[in-house]
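Here is a short report on a predicted model. Please look over the sequence and the structure before reading on.

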Amino acid sequence: MSDMNSKDQNLDRLLKEASAAEVPVTVDATRFLARLRSRPTSPRWVSALPRPLWLSAAALVPLALLLWAMAPWSTSVSLDAAILDELDLLELLSTLEPAEIATLDPDLIDFYADLEIVEELPVDLLGVSE
Amino acid sequence: MDLDDFELMRRFQQGDEAAYEALVRRHLAFVIRHARRFVGDHSSAEDVAQDVFLRVFRSRDRFRKAISFTGWLATMTGRIALNELRTRQRKRWLPRSALDQENAGMEWRGGSVGGEDPSEGVLRQERISKVREAIADLPLNQQQAILLQNFEGWDLEKIGRALSLKVPAVKSLLHRARRNLGKRLEAYLAED
């Protein structure tokens, strides 16, 4: 137990040392804001579309939604961030063998975005645990 | 403008761009500092900060009082910075400021400190480099928790608001992060 406390304290010391070594940030906020103001505030793909095409597409959206809602297979699905995360998760898992998925160490995965890190790990490390 | 973040965001949501600028000025150093921990150099960190504040501008209507503004910034910064790193990895690109082999990707104080032996300065730099690498190898959520606690001095509640976690979950996250760091830094933890 005392060995663990000592390692814990040493880790604190290392983190404190690394933190103290950071160079303070100096930034010209006015220049930063000037650069920010010159950037488009809507996504590039939106502003790149010709206006008539954009208006036509916008007009079709309500029709598309209506048709989708009327379709026999449609369900009320809210494509919020959580659902999109789950779709990313499923897409990633589909690239792994079932045996690999079964050995995934939950400690390596904090939330869905971290699964891309898991993807890069060698298979024999996926099941590492204490 | 001596208003809190929520009030500034509320005003910005109603079209007050001076409120948005006040938010940028207030939090710019933090965002760049936090981004730099991921991407390694100031120039790339500024690029990340540009994307973060652009996203604040575009997403202003989605911000709700229940969210911690600094937490929102920290989360966005981590994600955007990580995407930047992945883009670099795919393109095998290093920023000009990171081409110096000795300090590649680092914005840390190097050399000896206050009269210390030069060889100790080298060892210290090596330790710092290893700590930084070990943190960078953590999953994003663990990186965020470790950096916000140890480099920004945030308490568990503030970290929890940033990561949308309750305090016990933050404790658990930090425990896992420290355990993972301990494995990577074992050689340095045994030193007295």
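## The nonpolar core

The largest nonpolar core has 65 residues, and B:Phe53, B:Val56, B:Leu73, B:Leu181 and B:Leu185 have the most contacts inside it. Helix α2 of chain B, residues 17-39, gives the most to this core: 12 residues. Domain 1 (1-98) and domain 2 (118-187) of chain B both contribute residues, so the core lies between them. The terms need their cut-offs. A nonpolar core is a set of buried Ala, Val, Leu, Ile, Met, Phe, Trp, Tyr and Cys residues joined through side-chain atoms within 4.5 Å. Buried means under 20% relative accessible area, exposed over 50%, and partly exposed in between, with a 1.4 Å probe and protein chains only. Domain bounds come from an automatic or database domain assignment.

This is a predicted model: local features need pLDDT of at least 70, side-chain atom pairs count only at pLDDT 80 or more, and totals for chains, interfaces and linings use all residues. Residues are numbered from 1 along each chain as its sequence is written, chains are lettered from A and ligands numbered from 1 in the order in which they are written, and side-chain values use heavy atoms, with hydrogens and water left out.

## B:Leu181

B:Leu181 sits in helix α8 of chain B, residues 167-184. B:Leu181 counts as buried because its relative accessibility is 0%. Beyond four places in sequence, B:Leu181 touches A:Leu11 and A:Leu15, as well as B:Ala134, B:Ile135, B:Leu138 and B:Ile146. Contact here means heavy atoms within 4.5 Å. B:Ala134 is 47 residues away along the chain, yet its C-alpha lies 6.0 Å from that of B:Leu181.

## Helix α3 of chain B

Helices (H or I, at least four residues) and strands (E, at least two) are DSSP runs, numbered from the N terminus. Of the 17 residues of α3(B), 12 are buried. Among them are B:Phe53 and B:Val56. B:Asp41 caps the N-terminal end of α3(B), with a side-chain oxygen 3.3 Å from the backbone nitrogen of B:Ser43.

| Item | Value |
|---|---|
| α3(B) residues | 42-58 |
| α3(B) first to last C-alpha | 24 Å |
| α3(B) expected span at 1.5 Å a residue | 24 Å |

## Chain A and confidence

Chain A has 7 helices and 0 strands. Of its 130 residues, 21% count as buried.

Chain B averages a pLDDT of 86, and 84% of its residues score at least 70. pLDDT is the predictor's confidence in each residue, from 0 to 100. Over residues 99-106 of chain B, pLDDT stays under 50.

How values were computed:
The expected span of a helix is 1.5 Å times one less than its number of residues. A polar contact is a pair of N or O atoms within 3.5 Å; within protein, one must be able to donate a hydrogen and the other to accept it, and residues adjacent in sequence count only if both atoms are side-chain atoms.
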